[in-house]
Amino acid sequence: MAELGQLEIMDSGIRPPGHLFSWVDVDEHLTRLAMAGEWPDWLVAADGWWDCLELVTKSAVELNTVKGWLDEVFGTGSAGWVDGDLLLGLDDPRTAEFTGLRVELSVNAEQPGGTARRRVPLLREKHITRQLAEPLHRPDTPTFADDVQLMAFHSFKGGVGRTVHAVAVADRLARSGGKVLLIDADLEAPGITWMHKEQGGQCDFTYEDFITLLQGAENSDFAAAVDIAAAYLPNQQAGHYASGGSITIMPSSRRVTLAPPRIEPAALLTPGRSVYFVTEALAALGARLGADTVVIDLRAGASELSAPVLLDPRVQRVFVTTLSHQSLAGTELMVQQLGGKAPTVQGTDPATSVIVTQYRMDTHTAQADAARSMLSAALGVALHVPVETDGDDTESVDAALLAQPVLSPFREELLALPSSWDAVLDVISSCGVADGLESLIPVPAPHTTAGAAPGVAVDYGQLRRNLARTAGNLVYAEQSGLSSAGGFLVTEPLRRLLADHRTELPQALVVGAKGAGKTFMYAKACAARTWQRFAEQSGIRGVTVEAPIVPVLESANLEYGDLEPQDLRDAFASASGDMSLRNVTSSSIPDRLKAGLGRLGGQDELGWRSLWLECLAMACGLEVSEQRTSEEALIELGRRAKAVFVIDGLEDLMQNLDSDTKRTALRVLLIDVLGWLRSLRGRPFGLVVFVRRDLVTGAVRQNSGQLLGRYDHYALHWSKEEALRLALWVTAHANALPESVPLSGITDLSADELIDRLIQVWGWKMGSAKSREARSHLWVPAALGDFNGQVQARDVVMFLATAAKNSEQYNDTVDDRVLVPTAMRKALLECSRNKIISVGEENKEIGRLLVHMQGLGHPVLVPFELEQVELNVGDADLLIESGVFSKGADGRYWVPEIYRHGLGFNSERRARVLW
């Protein structure tokens, strides 16, 4: 008998067994060798018996050849001659004589194209053959009858929350309008059955009844069993769902005594029947009951009670584990073994998943991260990516998402569940167990946004053109100028900046990477003209302080519409400044600063403070002279007027920070000038400096973390959710939504509402809703994000513009979404190339390393060793800090997809994502 065991791979192959006590140990080792493909060409099959070992060969083989191989794989001296017979020795401390199993040879040549031995989906296969190195034969059809989805929950250990999560998923599906058949297939320790009985539910027909009827079926005809089951199961529904959904429960057994099952599912896999007879019968039953999903709670452990279900790749397999070592290690091994026997084919089969339960977020973060990494690797190995692709090389993003374990945090209430079905569901609901399982739900929730008017056709071609044009204009904020007509998305950092300064003017830094939206926010503040109006346009109420916006510096690339920064300076000067300086030009302040870079030294902090204050005074139209310093002019102005100074475009002056003078100039602005403004009584002036993070850390080399931390809540960090919110806002702003969404309400949408509204933009999945592809709202931030968990706003907007333009070629064929999956995949490639350029412009050192990797004269496969990319540890650390590299547990390095394509690196078909 062949039983799966853990592979212990050494340089020379599988390690010889430590002991051989019986034919069972011999079978075990031969099975492991077969699975690893380490059988010699002449060996076809092997069978161990209590007194002999039968080896089946293709043709006649010399016994000495057989002895040599047995010594090699079982250990030197394992085979020997006794009375002319070849024996494989067994350990017997009772005697010093060589004893063991007699080796017998038989010839049974396998002809090319001949019929292979029948294999069935069991953990322990009946025959040990060289076929064990190959997966089981795939089912004849890629899906079950009537497109019913089977979803099986399994755990290596009991007590890990498997049943709770199976029930939570069934309940979530029913609440969303789904029809669910929930089967308690744990024939030895049922949980759902007890809950159902305690609720007083009917228990007329059970899983054991169904298995028994199937055993008596003729060949693969399960119609009679399905007919009988369908006559009773409608009486076994649980709960009431206003959505129209339902859960029909099939308990494990009607028996009142505890005992092993009389008939196991494995007993149904007899010759003449489909090897997937069990799962196909369950799917047919689900279809007969009108269910779209069959959720199965399986027996824990490496049990043949579960194997016929787990080894059908069409089943969505969900493993549940805690952080305990035994549970994790056993789950990892189960996933690896099932991946070897019945791998998931990406795009064809539902992805195998793992739920990690019972961990505390406050104490187990490191352990949870390590567990996710370990399990993700195992899931990735079990996921087979077809070689045939359309050439866009983006499937690694899908593979990474599909191989991501799900974390289900600890809840004390789940440790002692009540007895009845309704009471258990109340606890599950109050704990929000299903909230984190959204990525596992096999079918999408019904679309809840208002549909287009009946009979009104949607012109997707026009919507795509709208989005391509508008997003293209928004790719660079400079191109929108200071127009107040464009509107903007109110992000959390902007909301905090405005809400924190309702009654006093802001004195703060707004830090963000290139493309994070700094210039866009600067432009919109200028377009509002006053701080109070800027707050009103952002939906922040209660701002009582009224002060004009006075731009001091602007980006050299800023294009002007009907308003220029100089217009705002002139307006303030006319109202509050000196007549003689009202005609200062837009280049006056940059020229004054450039002159300062040539005149002031790197240690002249007082000189730089005076120059910066002089620039503020110039922006206000104040005259500065030997008789009146800039400090005095501003103090005098502060007694009669208020103003909010805004500064952007610092990188135009200090791109590289390659001198002490530049570093001092910027440091003084960020610390000393802000400090001086705070010291003014009544704080008449605000100052908001829009600056790149790398410039801050380069100028403030000591305590930069403290400085950044002080303003961190205003920093332009684009999380996954904010990136999705931006995508919806841009599409709505472009009038590119089939179903309109008010721009003003996008900021307040919940995460679930946001995902729902985005379905009309890019669909539920990167394929049809029933496809096995990754979820679109997970794919986009995973494809565009870096390893610091950030997505840049510019990357999102460029992706939308490019994907929309690419989608126009599908105007006549795709009419269920604005962005077509193929077009989205191709857009990633272009965005990646642009990312390399933009990062290089922002950070010359990072840019140098990226250009170096682009120019490597040999192919690089991700993950890789540093030697392959010709970098040192210091370079790698810098790239890790910047989110460009991530180091795996095995010491190899990964790059995000947004960089990989632009670098021209290949992938092992599984990306690494940190969302």
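Reader: Which residues does isoleucine 549 touch, not counting residues up to four places away in sequence?
Author: Good place to start, and keep in mind that this is a predicted model. Isoleucine 549 belongs to strand β22, which covers residues 549–553. Leaving out residues up to four places away in sequence, its contacts are Ala525, Cys526, Arg529, Thr530, Trp531, Leu568, Val644 and Val646.

Reader: What separation do the C-alpha atoms of isoleucine 549 and alanine 643 have?
Author: Along the chain, these two residues are 94 residues apart.

Reader: In the whole protein, among contacts between residues at least 6 apart in sequence, how many percent join residues at least 24 apart?
Author: The protein has 915 residues, with 33 helices and 28 strands. Among contacts between residues at least 6 apart in sequence, the share joining residues at least 24 apart is 75%.

Reader: Where is serine 303, and which residue's backbone nitrogen does its side chain reach?
Author: Serine 303 sits in the loop between β15 (293–298) and α8 (307–310). Its relative accessibility is 15%, so serine 303 counts as buried. At 3.0 Å, its side chain reaches the backbone nitrogen of leucine 305.

Reader: Why is helix α29 described as largely enclosed by the rest of the structure?
Author: Let's look at the helix itself to begin with: α29 runs over residues 821–842 and reaches 31 Å from its first C-alpha to its last, close to the 32 Å expected. Now for its surroundings. The helix is largely enclosed because, of its 22 residues, the number buried is 16.

Reader: Which element gives the most to the lining of the second largest pocket?
Author: This pocket holds about 1000 Å³ of space. Elements giving two or more residues to its lining are α23 (693–699), α28 (793–807), α29, α30 (844–854) and α32 (873–881). With five residues, the one that gives the most is α23.

Reader: How many charged residues are in the lining of the second largest pocket?
Author: The lining has 38 residues, and those nearest the pocket's centre are Arg693, Asp694, Glu842, Asn843 and Ser882. Sorted by class, the lining has 11 nonpolar and 13 polar residues, while the number of charged residues is 14.

Notes:
Residues are numbered from 1 along each chain as its sequence is written. This is a predicted model: local features need pLDDT of at least 70, side-chain atom pairs count only at pLDDT 80 or more; totals for chains, interfaces and linings use all residues. Side-chain values use heavy atoms; hydrogens and water are left out. Helices (H or I, at least four residues) and strands (E, at least two) are DSSP runs, numbered from the N terminus. Buried means under 20% relative accessible area, exposed over 50%, partly exposed in between (1.4 Å probe, protein chains only). A polar contact is a pair of N or O atoms within 3.5 Å; within protein, one must be able to donate a hydrogen and the other to accept it, and residues adjacent in sequence count only if both atoms are side-chain atoms. The expected span of a helix is 1.5 Å times one less than its number of residues. On a 1 Å grid over the protein atoms alone, a cavity is a set of points where a 1.4 Å probe fits but cannot get out, and a pocket is an open set with protein on both sides within 12 Å along at least five of seven lines; lining residues have an atom within 4 Å of a point. Grid points are joined across faces, edges and corners, and a volume is the space filled by probe spheres set on the points. Ala, Val, Leu, Ile, Met, Phe, Trp, Tyr, Cys and Pro count as nonpolar, Asp, Glu, Lys and Arg as charged, and the others, Gly among them, as polar. Contact means heavy atoms within 4.5 Å.
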